[in-house]
Amino acid sequence: MDNNFNLASAIHRHSLNTPDAAAVVSQGRTLSYGELASEAGRIARCLQAAGATARVDGRLPRIGILASRSLGACTALIGAAWAGATYVPLGLKLPEERLLALLAQCQLSAIITDDEGAALLSERLLDAGPDTVIHLGRRPAVADRHAVKLRALPPPEAGAERPAPAAVAADDTAYIIFTSGTTGLPKGVMIPAGAARHYIAMITAHLGLQAADRALETCELGFDFSVHNMFPTWQAGASLHILPATRVMNAVKFAADSGLTVWNSVPSLAGMLRQIKALKPASLAGLRLTVFGGEQLPAGVVAAWREAAPDSAIVNLYGPTEATVFCLAQGGELPLTPGRDVVAIGRPLPGSEAAVLDPQGRPVADGTPGELAIAGCQLASGYLGAPELSAARFPDYDGQRWYLTGDLAIRDAAGSFHCLGRIDNQIKINGYRVELEEIDAHLRIVTGADVVGSVAWPCVDGTPRGIVSVVGAPAADSEQIIATLKQRIPAYMVPSRVIARDSLPLNHSGKVDRKALLAWLEREAA
Ligand code: AMP
């Protein structure tokens, strides 16, 4: 293997060997490997001309990607990688306050946007952002004082030799993905290029991805499932088919129209398709492989999927962003977790180790619940600008570095792992990771109330479908609170209901008793 850990290396290789093969397909447009490499090369040249490719205090420059789930996002990301930068997804659905918080944390050297991203570039964001903004689409209208920051791509250099992707070392940061943080500020997970390259090569081999495969993309860049969808597909020389956000309800037809062979999504998407009765028998007959991951996989979803996709193997992949996408896998007969209607999370993938630990970091006996911890070559280097949090979540036990997932788990006698839920108050909503405390932190600021509590409600098949918040401020205006929250946190974190009450139930340590809140909602709904 060559010693350049640049994420764009596989695209470069295929652009030389199979330049006409399709790399990405979106909204009726196809980019071949040759075209993707050529576009990425133009972006890299543009970044270089803007002086945005120099290392900053020894680390790679960071480039923000503010683009829709589209060809633009893929070329932006490959362009940033090609130039030798760390890519940082800046979600399009994030409110301005949240984007400002991310910009303050990341010290970006440049931002790359498409038309949709450029439309979000407000005065405040341009003031707070880096000196270089590359727009891949139309030139956005900005105040004159910001115009100097804007750069369009240079024309392709006819017949010019494209420089190879810039040198990147194994411990350079390939990408930073932000996840929900309990304090109210998102946490930036820094993934080394060595961890990313190991994951990509390992999972491509494990799943047997082939150049003839046509794989589905359902995720935004800010969710690390997208790393799984993009890079292994490109590693194999296969094509990635981006499901537009507007066609999610028609995903089954999209799969058939696109001739998909590999399905990648959170189980929630399959659950939703099942609920709207879109999973007709053999309606996904073209699939040979289905990858579910990112949240618990209910048995009911598996049963419906087996009918819809009779020729597809199903794999349940487990992993936190902090251990590079997925680190445990359960395939084959998909055994269930005892006493629960969800699929086991299986065994560690090559290069990862898993253990169930007690609060002192000692392994517990098989069958005893404890915290699931992950070790191995896929661990993140830590959280951006948060050394104490990093030390707490990535402790050393007996000379080995672990990541404490916060998941309650058991290992069974056969060595398979089972996820039993969370030790903390993290939930998953449609695959999005949300710390309920983060919502609470914003609720306190917005309402001025000291005592607030958010819970996942309702739950269908044990999977949260919404969030309800209760505030200890009887005169609070619920609609106003929701409207203000929308300006601060991503839409998927905003509660669908805010209930104002005189007082909230507290537990023995004086904290809001979320179990009592849930019981109260249950009673109310009965
Ligand atoms: P994220 O960092 O967004 O990938 O979220 C990681 C968390 O999602 C894990 O710590 C688990 O709580 C949950 N998770 C991910 N994959 C699975 C799975 N296959 N089964 C159950 N929970 C999962």
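## Reading the labels on a predicted model

Guide: In the second largest pocket, the largest share of the lining comes from helix H11 (residues 267-275), which supplies three residues. Please keep in mind from the start that this is a predicted model.

Visitor: What is the volume of the second largest pocket, and which residues are the closest to its centre?

Guide: The volume of the second largest pocket is about 700 Å³. Its lining is made up of 25 residues, and the closest to the centre are Lys93, Ile429, Asn430, Tyr432 and Tyr492.

Visitor: How do the residues of the lining of the second largest pocket divide into nonpolar, polar and charged?

Guide: They divide into 15 nonpolar, six polar and four charged residues. Among the residues closest to the centre, Lys93 counts as charged because Lys belongs to the charged group, whereas Ile429 counts as nonpolar because Ile is in the nonpolar group.

Visitor: Which domains each give at least three residues to this lining?

Guide: Domain 2 (200-422) and domain 3 (426-525) each do so. The protein as a whole is divided into these two and domain 1 (9-169).

Visitor: How far apart are the centres of domain 1 and domain 3, and how many residues of each are in contact?

Guide: The centres, taken over C-alpha atoms, are separated by 37 Å. Even so, five residues of domain 1 are in contact with 10 residues of domain 3.

Visitor: What makes helix H9 (residues 225-235) largely enclosed by the rest of the structure?

Guide: Of the 11 residues of helix H9, 10 are buried, so the helix is largely enclosed. The buried residues include Phe225, Val227, Met230, Phe231 and Trp234. H9 is followed by Gly237, whose phi is positive, near 80°.

Visitor: Which residues of helix H1 (residues 9-17) are buried, and what do they pack against?

Guide: Ser9, Ala10, Ile11, His12, His14 and Ser15 are buried in H1. The buried residues of H1 pack against helix H2 (33-49), H3 and H9.

Visitor: Why is Phe394 called buried?

Guide: The relative accessible area of Phe394 is 5%, and a residue counts as buried when this value is under 20%, so Phe394 is buried. Phe394 sits in the loop between helix H13 (387-393) and strand E20 (396-397). Leaving out residues up to four places away in sequence, Phe394 touches Glu322, Leu379, Ala380, Gly382, Tyr383, Arg401, Trp402 and Tyr403.

Visitor: Why does Arg514 count as buried?

Guide: Arg514 has 16% relative accessibility, and because the limit for buried is under 20%, Arg514 falls on the buried side. Arg514 is found in helix H16 (residues 514-525). Beyond its sequence neighbours up to four places away, Arg514 touches Asn425, Leu436, Glu437, Asp440, Gly453, Ser454 and Val455.

Visitor: Is Gln296 buried, partly exposed or exposed, and what makes it so?

Guide: Gln296 has a relative accessible area of 33%, and since buried means under 20% and exposed means over 50%, Gln296 is partly exposed. The place of Gln296 is in the loop between strand E13 (289-293) and helix H12 (299-308). Leaving out residues up to four places away, Gln296 touches Pro267, Val342, Asp461, Gly462 and Thr463.

Visitor: Why does Ser416 count as buried?

Guide: The relative accessibility of Ser416 is 8%, which is under 20%, so Ser416 counts as buried. Ser416 lies in the loop between strand E21 (400-411) and strand E22 (417-422). Apart from residues up to four places away in sequence, Ser416 touches Gln330, Gly346, Arg347, Ile410 and Arg411.

How values were computed
Residues numbered from 1 in each chain as written. Predicted model: local features only at pLDDT ≥ 70, side-chain atom pairs only at ≥ 80, totals over all residues. Heavy atoms only, no water. Helix = DSSP H or I, 4+ residues; strand = E, 2+ residues; numbered from the N terminus. Buried < 20%, exposed > 50% of the residue type's maximum accessible area, 1.4 Å probe, protein only. Contact = heavy atoms within 4.5 Å. 1 Å grid on protein atoms, 1.4 Å probe; cavity = no way out; pocket = protein on both sides within 12 Å on 5 of 7 lines; lining within 4 Å. Points joined across faces, edges and corners; volume = space filled by probe spheres on them. Domains from an automatic or database assignment.
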